[in-house]
Amino acid sequence: MALPLLPGNSFNRNVGKEKFHKSQHWGYCNNVSMLLGEDKPGIGGEPLLGQKLKPKYSVFPRGVGSDAPSWVAFDKQVLSFDAYFEEEVPDKNQELYRIRHCKIYFYLEDDTIQVIEPQVKNSGIPQGTIVRRHRIPLPPPHEDQFYTIDYFNINTDIIFYSRRYKIVDCDQFTKNFLRKLGVRLNPPAYRPEDPYTMERQKIADSMKPLRPYECFDTLRQFLEHDGHVLRFYCTWDDTESMFGVPRELILHYFLADDTVETKEVLSANSGQDAVPLFLKRNKLPKYAPTGLYPPGAITDRTVLNVFGGLVGNKGRYILDNRKTGAVHQEFYKDCDLTIGSVINVWGRKIILCDCDEFTKEYYRKKYGIKDFTPIPYKALRPPKIERKFPPYTGFGSEEDSLCSCLGLFPKPPQKDFKKFMEKDRNGLESNVLRFVAILITDNPIDKGRKFIISYFLSDDTLSVFETTQKNTGILGGKFLERGRIKKPGQELFKSEPSEYYTAQDLFVGARVCFHGHNFLLVDADEYAFNYMEKHANEFSMADINTILNKLKAIGEPSSREIKQIFAATDPEHTKMIEYDSFRNLMVNITNGKLSEHEIMTIGRYYSVRDDAEMDVNFLLAVVQEQLKKNTFENFRQLFATFVYNDCKKCGLLSRDECRTICKSFRLPVADDLLRALLTMFEDSKEQVDYKKLVDGLNWRENPITVFQTIRSPPKYEDDWSGQPQSLPVKKIKYLPLIEDMFGTEE
């Protein structure tokens, strides 16, 4: 039985040629005899007899640098070499060979090589990447191995695919890297130039163009002044021509390219054709002493006749580089444009009369001009004829009759839609001011009648209703239809629009006349008082600052007496007096110079009001009703969320946290109602007991009937009958009033 040939054995079988024995080895794998690769080492990794291991990648000194793999340690690190190669040119007599320069890049991460030739203008040779990036094998007979860093150095030859490259130099990074590897760098080699390229360059440099190019660099001017335009207001006197009139023009001078354009300003109904431009944008030439130049006199280049007519009619022309016969034309510049100067625009004399602020600032900085006195050029306009309208005829409304005089086709009067949308009823905001009024009459029957005057802020209309009183013999109801009411004492048929009652004309104590009926306003509802005090800038009767200034002007000379009167009214020193006593004092002090509404405004501002305690059960009943209508039953998860956010596990959370949690569950409750409900469950430290809150909201387990919480039927605003409010002003704190009027005593 033959012994198996192991990779580590020192003897070989005599089975063929000696070369086969050196390169190929036999062995067993899974009891199967097979041929092993030539790179297979012996036992312990030692090479076999006559075996040469091929290096796979570049070998760097061990113990230098990090232990990271090469593709990490040398990522994005490339060695750059300058090289050239010679190429034969057999088909041209002008050149026998060609020198082509290139760049050799060696990528350290994977030993790949790339050769790139820089592109040369008009070379006629496809240039760019000569050898794409990959590992390049060594020339034969070692084509089974690849180039590594050990084969590269300065002033050496290297062969890539039968083409010999001469490395002449490298960059500084490559030099430092090779020195660290212990490579002794050769001195840089001579870099020859291509002889044919040098010969062509000499011919190109010696050639002179027949038409020399003149460079006019206007890029800087364009970049500095792009979008900068000087504007002048001009006039052109065209009265000498038939039907001519003075014309107003606007001249634009563009600083980016020194061009000019002119526009004409046409007035309404001038009878002239409206054209976009009076002068198209272009450079504006100055006139020559003899007038316009003939066509062809101004050219970019001039020529000279060498023969000068000596040889018959034939001539020999060459380009005149010195431009001896050139005609130079001048154009208008920014230095030629000043206020008062006259410029010639193609035969039309235009006077510059004024300019804008940008133009003035430009001339101040560049030329130091400070006088920009304009020249009057606009004709005085005739006085505007006042438009008079015919008097009102009595048919329809005044606004409708006025619209028939404003145009040939009558249009209906336009209403203030914006005001209507802002002041129309919106939820609890009715935007209706209601006042209690009585008739001013000597008739004993009419003296006891009470009326409610409603003023609608959305369209400035009024309506009057009479309240029903028992045993008076007068039926209540609608007294005056809703509409706008004119003020008395105005002429009926006149051209000017009539004056109507506004919201500022209605206040407590005012006297109004509606179609011959005189009313005295004696009271108002709470909404009217609140609205007027909220919009104190529109209602001076409800502006506390204006009223205090008026009181200060009236009572400042007798401030000591006023203080004594108030002190005498309060014998028990409670610092409060009754409203009736306060009203009588104010009437006596001001001698009737303050209206009843102003006195009531002062009383409301300095009043002592008992805050009405809101019924918690009523609030919970309203909230439960809303939750029931929206079928909200997720109370367990709501309570679990409260517990989760309670880090201290004390059963209390802040009002803002509770409100945020309720909003996250999309609780179908209005925000103001939710805020009021959270306030009811707060303690002294503004912490909400969320367990009681959730139990109160749970309409399944703790239902609250709405009708059980209502103690008396609600009074709607539209049903207000002029009775006193639920919280009338009873007592007044007079000390703050005295301090605001006369200051604090020392």
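At what angle do helix α11 and helix α21 pack, and how far apart are their axes?

1. This is a predicted model, in which local features need pLDDT of at least 70, side-chain atom pairs count only at pLDDT 80 or more, and totals for chains, interfaces and linings use all residues. Residues are numbered from 1 along each chain as its sequence is written, and side-chain values use heavy atoms, leaving out hydrogens and water.

2. Helix α11 (residues 544–555) packs against helix α21 (residues 734–742) at about 75°, their axes being 9 Å apart. Helix α11 is therefore roughly perpendicular to α21 (angles of 65 to 115 degrees count as such). Helices here are DSSP runs of H or I with at least four residues. Axes are lines fitted to C-alpha atoms over the stretch in contact, and angles run from 0 to 180 degrees between N-to-C directions.

3. In this pairing, Leu 548, Leu 551, Lys 552 and Gly 555 of α11 meet Leu 737, Asp 740, Met 741 and Phe 742 of α21; contact means heavy atoms within 4.5 Å.

4. Phe 514 is among the residues that touch the most other members of the largest nonpolar core, which has 54 residues. Such a core joins buried Ala, Val, Leu, Ile, Met, Phe, Trp, Tyr and Cys residues through side-chain atoms within 4.5 Å. Domain 3 (417–538) and domain 4 (544–607 + 734–742) both contribute residues, so the core lies between them; the bounds come from an automatic or database domain assignment.

5. Glu 398 lies in helix α7 (residues 398–403). Glu 398 is buried, at 12% relative accessible area (buried means under 20%, with a 1.4 Å probe and protein chains only).

Technical notes: Helices (H or I, at least four residues) and strands (E, at least two) are DSSP runs, numbered from the N terminus. Angles under 35 degrees count as roughly parallel, over 145 as roughly antiparallel, 65 to 115 as roughly perpendicular and the rest as oblique. Buried means under 20% relative accessible area, exposed over 50%, partly exposed in between (1.4 Å probe, protein chains only).
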